[in-house]
Amino acid sequence: MEVSFVGVVAESAYEHVRSVLRPAILNHSIRVWVVADHLGRQEGLDEREREALAVACLFHDAGTADAYDGPQRFEVEGADAASAFLAAYDWPASLVQKVWEAIALHTSPGIAERMGPLTRLVRLGVLTDFGAADSLGTNHGELSALLGRFPRMDIEVVLGEAVVDQALRCPGKAPKSSWPGGLLAARLAEPGYTGVNPAF
């Protein structure tokens, strides 16, 4: 592993998601954590909060994995997977709930930003990795170098396809008003399209 997570639970979470996530989605999850942790340290998160943030970032797209392909939206499946994972550890229920919210709401603009530090930081990490936010400011060469160690591997295509493929099998995973719903609608409107989903 090329990064060190805060705490044994986060390290264990990394080992777990590494075994179930597609490589591009794993790298994306690590990059999201690198950005979110960078911002969280600037805001003074303590070690337990940083470890919870790491778990949330690592699991935020776990719902796209075959192991967690249930009937709910991928965000909720990932949140439930993280909660089930954390059940083996002696974490306060309130902290587990914060991890759940951070994952379940990471595609919910205008809501995630108001649900507390973990949820906001995961959302900001995701937006930054996809170029929709510039939260790093200037003079972050070392951080950029670290992010560069985890190649993108066409993450926009890989993630979009993973979400859509699940929704094609189970349309209930992609409600019309959701981000998965937008991805599915774009695919259905142009079935032969390859590349980055226009709803991304």
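## Cysteines and helix packing

Cys57 is buried, its relative accessible area being 0%, whereas Cys170 is partly exposed, with a relative accessible area of 26%. The model is a predicted one, and it holds zero disulfides. A disulfide is a covalent bond between the sulfur atoms of two cysteines.

Cys57 also belongs to the contact of helix H3 with helix H2.

| Helix pair | Angle | Axis distance |
|---|---|---|
| H1 (residues 8-20) and H3 (residues 47-59) | about 10° | 8 Å |
| H2 (residues 23-42) and H3 | roughly 155° | within 8 Å |

How are H2 and H3 oriented to each other, roughly parallel or roughly antiparallel? Angles over 145 degrees count as roughly antiparallel, and H2 and H3 are therefore roughly antiparallel to each other, with a crossing that is right-handed. On the H2 side, Ser29, Ile30, Val32, Trp33, Ala36, Asp37 and Arg41 take part, and they meet Arg50, Leu53, Ala54, Cys57 and Leu58 in H3. The residues of this contact of H2 with H3 comprise eight nonpolar, one polar and three charged.

For H1 and H3, the angle of about 10° falls under 35 degrees, and these two helices are therefore roughly parallel to each other. In H1, Val8, Val9, Ala10, Ala13, Tyr14, His16 and Val17 meet Glu51, Ala54, Val55, Leu58 and Phe59 in H3. The residues of the contact of H1 with H3 are made up of ten nonpolar, one polar and one charged. Ala54 and Leu58 in H3 meet residues of H1 and also residues of H2.

Definitions and conventions: Residues are numbered from 1 along each chain as its sequence is written. This is a predicted model: local features need pLDDT of at least 70, side-chain atom pairs count only at pLDDT 80 or more; totals for chains, interfaces and linings use all residues. Side-chain values use heavy atoms; hydrogens and water are left out. A disulfide is a pair of cysteine sulfur atoms within 2.5 Å. Buried means under 20% relative accessible area, exposed over 50%, partly exposed in between (1.4 Å probe, protein chains only). Axes are lines fitted to C-alpha atoms, for helices over the stretch in contact, and angles run from 0 to 180 degrees between N-to-C directions. Helices (H or I, at least four residues) and strands (E, at least two) are DSSP runs, numbered from the N terminus. Angles under 35 degrees count as roughly parallel, over 145 as roughly antiparallel, 65 to 115 as roughly perpendicular and the rest as oblique. Contact means heavy atoms within 4.5 Å. Ala, Val, Leu, Ile, Met, Phe, Trp, Tyr, Cys and Pro count as nonpolar, Asp, Glu, Lys and Arg as charged, and the others, Gly among them, as polar. A crossing is left-handed if the near helix is turned anticlockwise from the far one by less than a right angle, and right-handed if clockwise.
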